[in-house]
Amino acid sequence: MDSTASSRFEQPERRFELPFGVEPVQCVAVAYAAWLFGLSFVFHLAPDNKILLEIALIAGMIPAMLHCLLLPIDTRGNGPGMWFLWAFMVIFLLSYLVNSFDWEDLANLANVMFVFMLGILIASTTDTSLIMRIVGVYALMMIPFLVYINMTGERVWGRLHAGAQPNVWGLFSLNVAIGAFALKNRILQGICMVVVMMTMYNAQTRGSMVALMPTLVIFAHQFYAYDKKLDITWKMIATYAAVMVVFGFVAFHSDVLINDVLRLHDPQRGLDSGATGRDQTWREALHIWFRSPLLGVGFRKHEEFMVYTEMSAHNAYIAMLADTGFVGFIAYMCFLIGSLVRAFSVKEDKLRLFLIGLIISYALAGLFERRAINVGNSFSISYIFCCLIALRLSRLQQLERKVSADPPGVPALGP
């Protein structure tokens with residue numbers, strides 16, 4: 001981009017100085033991370049206390065106000081994110097209007113709007129490293145907490161519960177894993193991944209184990225494509241060693257992976273159990289959708305109609321069909337796929353991998369959990385933030401190309 005086009009598009013950044021040389025962006029990132037950690041802690045402490053959970057969620061206003069005070073904001077390019085927010089609000093409201101609802105249901109709409117507005121604020125920050133800083137600091141905050149949970153949390157039928165469903169700990173671990181990728185220190189990355197593996201093993205969350213694969217892939221891709229500290233020889237040696245370790249494990253200890261880690265032959269949770277009974281919940285949720293195919297039974301309300309299994313759909317895509325019908329499902333898939341496609345066009349290498357890894361990981365987790373548009377846990381919130389950032393950065397790059405293509409000083413209507 002030439003200097004003329006750049007001056008027409010870019011705006012001067014405001015700069016703030018904090019005492020002791022603290023970077024404003026790092027201060028804001030710590031505030032957001034502390035909010036996400038507090039939300040996770042409250043969810044563990046009182047998962048059924050809706051008032052306390054609501055207070056913990058609304059506490060996100062504190063880092064948002066700090067954000068507005070300390071960091072420059074550029075709202076251009078947020079059109080796609082705002083359109084998706086508008087579409088979800090209209091669809092969710094219509095899904096309530098065609099069914100019975102109460103004021104508590106409307107709080108779900110307010111919560112979704114609140115988190116989306118926070119995401120748009122974070123996406124509008126001129127420092128694109130903010131989201132990785134947030135998730136990275138959150139991962140560091142969660143490590144002592146997860147270690148404590150693994151050491152003291154109660155087990156039910158051999159699975160880590162600790163006051164919440166085992167799959168919840170799997171989702172927290174996924175957020176910590178992608179946060180580890182955002183960190184620069186290799187030792188801290190390793191510690192995070194060890195705790196993630198330990199938590200997933202103790203909770204026996206196979207869905208989270210599958211959803212962890214994209215994070216491991218982007219770790220490997222970052223190592224081989226962009227790590228300049230090691231030459232190709234050391235990378236080849238590392239590859240050879242990793243292949244030998246994997247081959248030896250599969251050849252001599254494959255039963256450990258199948259029986260002790262994935263528990264595919266477990267009579268209660270194995271392949272013969274119908275994916276831990278999920279096949280029954282999927283069928284019942286689909287029957288609920290068949291009764292209201294266009295707009296569903298109401299956003300986040302399908303669980304009230306699960307009479308036979310008395311569970312959730314355990315699948316984000318089926319849950320969206322049952323809750324908001326075909327209209328809501330299409331809107332969510334456009335949001336998911338559109339954000340993922342836009343993430344591939346992000347210029348910054350590590351940020352691009354970070355966004356891609358988190359979005360794909362959340363999409364895979366959705367095959368086993370009901371969470372799609374959800375604001376009750378840190379991983380879902382991080383997912384919404386990343387989707388909005390991908391949409392905004394892609395749109396901003398389109399505007400940059402358009403400004404570069406338009407010759408300066410030429411009137412819109414020439415002779």
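Asparagine 78 is buried, with a relative accessible area of 8%; buried means under 20% relative accessible area, exposed over 50%, and partly exposed in between (1.4 Å probe, protein chains only). The model is predicted, so local features need pLDDT of at least 70 and side-chain atom pairs count only at pLDDT 80 or more, while totals for chains, interfaces and linings use all residues. Residues are numbered from 1 along each chain as its sequence is written, and side-chain values use heavy atoms, with hydrogens and water left out.

- Asparagine 78 sits in the loop between helix H4 (61-70) and helix H5 (79-97); helices (H or I, at least four residues) and strands (E, at least two) are DSSP runs, numbered from the N terminus.
- Neighbours within four places in sequence aside, asparagine 78 is in contact (heavy atoms within 4.5 Å) with Ile120, Ala123, Ser124 and Arg392.

**Nonpolar cores**
- A nonpolar core is a set of buried Ala, Val, Leu, Ile, Met, Phe, Trp, Tyr and Cys residues joined through side-chain atoms within 4.5 Å.
- The largest nonpolar core has 110 residues, of which Phe92, Trp169, Tyr332, Phe335, Phe354 and Tyr383 touch the most other members.
- Helix H7 (residues 130-152) contributes the largest share of this core, 13 residues.
- Another core, of eight residues, lies apart from it and includes Ile288, Met306, Ala313 and Ile318.

**The protein overall**
- The secondary structure consists of 16 helices and two strands.
- Of the 415 residues in the protein, 50% are buried.
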